[in-house]
Each structure stands twice: as C-alpha cells, then as structure tokens.
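Please read these remarks with the coordinates open. They are set out as numbered points.

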Amino acid sequence: MSSSDSSLLPWQHDSWRQLQQLRERLPHALLFYGSAGTGKTAFVEAFAKSLLCESPTPEAHACGACASCNWFEQYNHPDYRRVRPEALEDEIADDEGGEEKKTAKASKTPSKEIKIDQVRALADFMNVSTHRSGLRVVMLYPAEALNTAAANALLKTLEEPPPGTMFLLLSNRLDRLLPTILSRCRKFALPGPSHEAGLAWLRAQGVKDADAWLAEQGGAPLAALEAAQGDSRDVLDELLRHLAQPGVDGALRTADKLQKVPVSDLVGWVQRWLYDLFSLKSAGVIRYYPRHAKELGKLAERADAIAISRAIKGMGERRAIADHPLSAKLFIEEMLIDYAGLFD
C-alpha cells in the first residue's frame, strides 16, 4: 500500500474506486452519506486533497509531496475551506495546534449548528480566483447541522454554483436535510465495514474487548475506538445497571449521578437498549449489548412489544431536544421513569 492510499481505511478502497468513475464529469456538489463513526470525514478529506493535488497518482490519490499537498496538510490551502459547527472546531483545535482559538471561544458554549454567517463567508472565498487556476473545494459537515437560515443560503449557492467550485457535503442522517438540498447534490453512499473487518481493525489498534465495543457502537469502528479510549465506560455501565433493574427510586438516583453527562449520549445509549429489547422480543436477536443478554432476556419477558415500540418512538422525540434540555436532571429523571413504566 502506498503512502497516498494509507489515508483510507481498509473498507474504503472499493468506494474510492467507485468515486473515481465520477472524475471525468464531476458534479458541482457531492453529498457523501453513511453511518457516523465509520471514517467518512477522513475519506472525503482524502478526496478533497486529491482534487487539489498537482501530481495525483495513477489511482487518483494525492501525491503528498507537491506544494498543494503541503498546504493542505498544514490546513492553510488557499483554495480549500472547511465549514463545520463551532463545537467541532473546538474538538479538533488541539489536533491542529489551535489552542489559542479554542481558549478565545471558551467563554461561551460553542454552537453545534452551522450558521448563516459561515455560509455567507464563502462568498468572498468563491469570488477570488484560484491560486493555480485549479479547482476551489468546499467541504461542509455534518450537513444536518445547518440551521434553517444557513441551509437556505447554501441552497441559493448550490442552485447557481460558481464556476470551478466543488462542494463536498457529508451527512450521517439524510432524513434531516432539506429535500431541496438533496435534489441539488449527487449522492454517494459510504458504507461501513463488515463486522469482521471492523473487528480486525479495532484489534489492530490494540482495543481489548473489541467485539463488545463494536457492538455497543452499532458496528461503527471509529466510534468504538473513541469510546474504548475515552472515559465513558463507567458512566455507561452505571446507566446499564439501572436499565437492567428499572424502578422509580433507581431512576432518581441514577439521574442525580449522571446529570453532568451529555444528555444526547444518554439518550443514544437508552435508545440502543430499547432497540435490543424490541429486537430480542420480536426476532431473538441482540445487536448492541450482547454482554447483557441475560438481563435483556428477563426484561423482554416482562414488557409488551407495542409498548417498547412506542418507547422507541418517544426516545426519538427526546433526541431532538437532547442538546438543549431545560434541566438535564429532570430530563434524565423523566426518561428513566418512563422507561421503568414499561415493566409495571
């Protein structure tokens, strides 16, 4: 494997070859979509780098040695822009040596939305001639983070794209995008790995209990690696202990212990537990929490499938407001008490 294609994950090579078939007649906007935690961002950045490269390889990878590649690797390519929420900028700041920027923003909670000002700022970028008469590339992710005003502003640009400009959008959830934006982009699916490929990659990274981590993250290996290296294990185990033995008193105690945990994380973990309950009851299959098969089996005997289905729908509604709860503790209490009601 050459240094150029080493930026791809093992399960992405087929997708790369398929993508090259579009190079002869590239659309002005490509929308890459797939599950979160499967490596889409790195794949699309590799594509952006290859589009700007002055000496791409026969396989259309960036050479990694030209001036354009050097600029790209230093995050200062004059013909490339990344548009993403402030919160994501802060998460990546350390990796890019952006501690000063991160500190400046620390006084306020960084936004999880892509705002209209960020889209409008592209106008100046698109009105300046490219550095070496090549392409101008804009990478925007996750596309579902566009707020309504930003989405409408982007739509106007996509309807009348400036010449020589390529838009690369990424999405984890196509159902959260405006149909009009979907209609202006060429969609390109980026599938995740097979279970075996994801497992092999995690083990190669030195992850212990890789099978369990991969299952808990729904087969998304990068999410599994992040979880395994993070400090969420104790928090998740605390929540799962309560879910295995539901009750009102336990709900109140658990909410008190977990009120400082990001509510969106808790909602996602409970959603997966409910999916496993429903799947076990209806099809005898557990996807996310195989380590808790015994507990799930006992609970499935006590719960009604229709009630579980309603609870899953309710959790979807909760997820929509999980980033901005009025009170995290009350939100978690209500969620866990409603869950306990499934087993009355």
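The points below cover the basis of the values, then helices, a surface patch and cysteines.

1. Basis. The model is predicted: local features need pLDDT of at least 70, side-chain atom pairs count only at pLDDT 80 or more, and totals for chains, interfaces and linings use all residues. Residues are numbered from 1 along each chain as its sequence is written, and side-chain values use heavy atoms, with hydrogens and water left out.

2. Helix α2. Helices are DSSP runs of H or I with at least four residues, and strands are runs of E with at least two, both numbered from the N terminus. Helix α2 covers residues 40-52, and its end C-alpha atoms are 19 Å apart, in agreement with the 18 Å that 13 residues should span. The expected span is 1.5 Å times one less than the number of residues.

3. Burial of α2. Buried means under 20% relative accessible area, exposed over 50%, and partly exposed in between, with a 1.4 Å probe and protein chains only. Helix α2 is largely enclosed by the rest of the structure, because 11 of its 13 residues are buried.

4. Helix α18. Residues 328-340 form this helix of 13 residues, which reaches 18 Å from its first C-alpha to its last, close to the 18 Å expected. Its buried residues are Phe331, Ile332, Glu333, Met335, Leu336, Tyr339 and Ala340. They pack against α13 (233-244), α14 (248-258), α15 (263-283), α16 (293-302) and α17 (305-321).

5. Arg318. This residue lies in α17 and counts as buried because its relative accessible area is 14%. Beyond its neighbours within four places in sequence, Arg318 is in contact with Phe331, Glu334, Met335 and Asp338.

6. Surface patch. Val248, Leu252 and Ile337 form a nonpolar patch with about 210 Å² of accessible area together. Leu252 belongs to helix α14 and is partly exposed, because its relative accessibility is 36%.

7. Cysteines. How many disulfides are there? The count is 0, a disulfide being a pair of cysteine sulfur atoms within 2.5 Å. For Cys53, the nearest cysteine sulfur is that of Cys63, 3.6 Å away; Cys53 is buried at 9% relative accessibility. For Cys69, the nearest is that of Cys66, also 3.6 Å away, and Cys69 is buried at 1%.

Notes: Contact means heavy atoms within 4.5 Å. Patches are made of residues with over 30% relative accessible area and no salt bridge: like charges are joined within 9 Å, nonpolar side chains (Val, Leu, Ile, Met, Phe, Trp, Tyr) within 5 Å. Accessible areas come from the Shrake-Rupley method with a 1.4 Å probe; for residues, only the protein chains shown count as cover. A salt bridge is a side-chain nitrogen of Lys or Arg within 4 Å of a carboxyl oxygen of Asp or Glu.
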